[in-house]
Amino acid sequence: MNYEYFNVFLVVGKHKNITRAAQELYTSQPAVTRTIKKLEAELGCQLFTRTKNGVEFTKEGARLYTFVESSAIQLSRGMDEIANSVNSTTGTIRIGATSTALDEYLYSYLDKMSKAYPHMHFVVSSSSNDKTIDRLNNKLIDIAVVSTPYHTPRDTLQAIKLSEFKDVVVCGNEYKDLLNKKLNLKDLENYPFLTLSKDMQLREFLDDIFIKEKININPIVETNSVSILLPLVINNMGLAIIPETVAKRSLETGKLHILDVDYDFPVREIHLLYDTSFVLPRVVREFLKSIQEEDS
């Protein structure tokens, strides 16, 4: 099989568009289409279906893309490892993180690392806990930075604790009258509430608290990111529960306020995860070593 077919498949899958794929590959649209048809013929299945805006994966195409993407990343890692075997601080580190982990720890640490090791190259993606850990399991990223609670389907994932934090209840200026009150957690039932969507681990964490405290919350807005939740609160759509450190960075604007709630939220932690089932590239090992030395 011609392995160039897989490169074309990877680029088409990335863009979901034949025209943009042809532009990146410096070839023509018919040439890209012919290559995909040849790959489909060799595999005996259809990989894409046409849409109004381009193409979409078939079930088989989506599954193949996961393997091809992982293989391409592994090849890139191998090339980095060989090319940079002399200098351990040169190379690419692929990091997946949740928005809370990015805000809580990673932004400041990456700034420090990029200044100390200017030849390190970071590729950072953001998603939910589950999706980030899934990408780590599929070897699409080198390390994952997530916030507790989370589920790890494999016992080969090793965790390094980076920091800890608590959550707080916040509001915008239209609810400033609440600043003079000592609220009970059950009082949240009386106000519009904004929260994360049900597929997020933090939502599961909060729902467990509400069930335990016999609180009935019916959110008016659900989203998949704290970074989306925050401006909604600032624009007075309702109350929300977010990490304290994220809230504190917006307090100086005068548009966000932390409410005094008679409830001690459990401590949560930021963890760095890596997979011990395969040998990490040298630059990643050096990165992990620097983190462990800083925290020791």
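Visitor: Which residues does Asp275 touch, not counting residues up to four places away in sequence?

Guide: This is a predicted model, so read every contact as a feature of the prediction. Asp275 touches Leu136, Lys139, Arg154, Thr156, Leu157 and Leu280.

Visitor: Where is Asp275 placed?

Guide: Look in strand β12, residues 268-275.

Visitor: Is Asp275 buried or exposed?

Guide: Buried. Its relative accessible area is 0%.

Visitor: With which side chain does the side chain of Asp275 make a polar contact?

Guide: With that of Thr156, at 2.9 Å. Thr156 is also among the residues that Asp275 touches.

Visitor: Now the rings. How is a pair of aromatic rings described?

Guide: By two values: the distance of the centres and the angle of the planes. This structure holds 9 aromatic pairs. Take Phe9 and Phe48, a tilted pair: 5.5 Å centre to centre, with 50° between the planes.

Visitor: Which parts does that pair tie together?

Guide: Phe9 lies in helix α1, residues 4-15, and Phe48 lies in strand β1, residues 48-50. The pair therefore ties together parts that are 39 residues apart in sequence.

Visitor: Are Phe9 and Phe48 buried or exposed?

Guide: Phe9 is buried, with a relative accessible area of 0%. Phe48 is buried as well, at 7%.

Visitor: What pair do Phe9 and Phe57 form?

Guide: A tilted one: 6.1 Å centre to centre and 50° between the planes. Phe57 sits in strand β2, residues 55-57, and Phe9 in helix α1, so this pair links parts 48 residues apart in sequence. Both Phe9 and Phe57 are buried.

Visitor: Which residues form one aromatic cluster with Phe9?

Guide: Phe48, Phe57 and Tyr65.

Visitor: Which residue lies over the face of Phe205?

Guide: Arg268, at 5.5 Å from the ring centre.

Visitor: On to empty space. What shows where it is left?

Guide: Rolling a probe the size of a water molecule over the atoms. Here, the largest pocket has a volume of about 350 Å³.

Visitor: How many residues line the largest pocket, and which lie nearest its centre?

Guide: The lining has 18 residues. Nearest the centre lie Leu10, Lys14, Glu69, Ile73 and Arg94.

Visitor: Which elements give two or more residues to that lining?

Guide: α1, α4 (59-83), β3 (91-97) and β4 (120-126). The largest share, 5 residues, comes from α4.

Note on methods. Residues are numbered from 1 along each chain as its sequence is written. This is a predicted model: local features need pLDDT of at least 70, side-chain atom pairs count only at pLDDT 80 or more; totals for chains, interfaces and linings use all residues. Side-chain values use heavy atoms; hydrogens and water are left out. Helices (H or I, at least four residues) and strands (E, at least two) are DSSP runs, numbered from the N terminus. Buried means under 20% relative accessible area, exposed over 50%, partly exposed in between (1.4 Å probe, protein chains only). A polar contact is a pair of N or O atoms within 3.5 Å; within protein, one must be able to donate a hydrogen and the other to accept it, and residues adjacent in sequence count only if both atoms are side-chain atoms. Contact means heavy atoms within 4.5 Å. Rings of Phe, Tyr and Trp (its six-membered ring) pair if their centres lie within 6.5 Å; planes under 30 degrees apart count as stacked, over 60 as edge-to-face and the rest as tilted. A charge sits over a ring if NZ of Lys or CZ of Arg is within 6 Å of the ring centre and within 35 degrees of the ring normal. On a 1 Å grid over the protein atoms alone, a cavity is a set of points where a 1.4 Å probe fits but cannot get out, and a pocket is an open set with protein on both sides within 12 Å along at least five of seven lines; lining residues have an atom within 4 Å of a point. Grid points are joined across faces, edges and corners, and a volume is the space filled by probe spheres set on the points.
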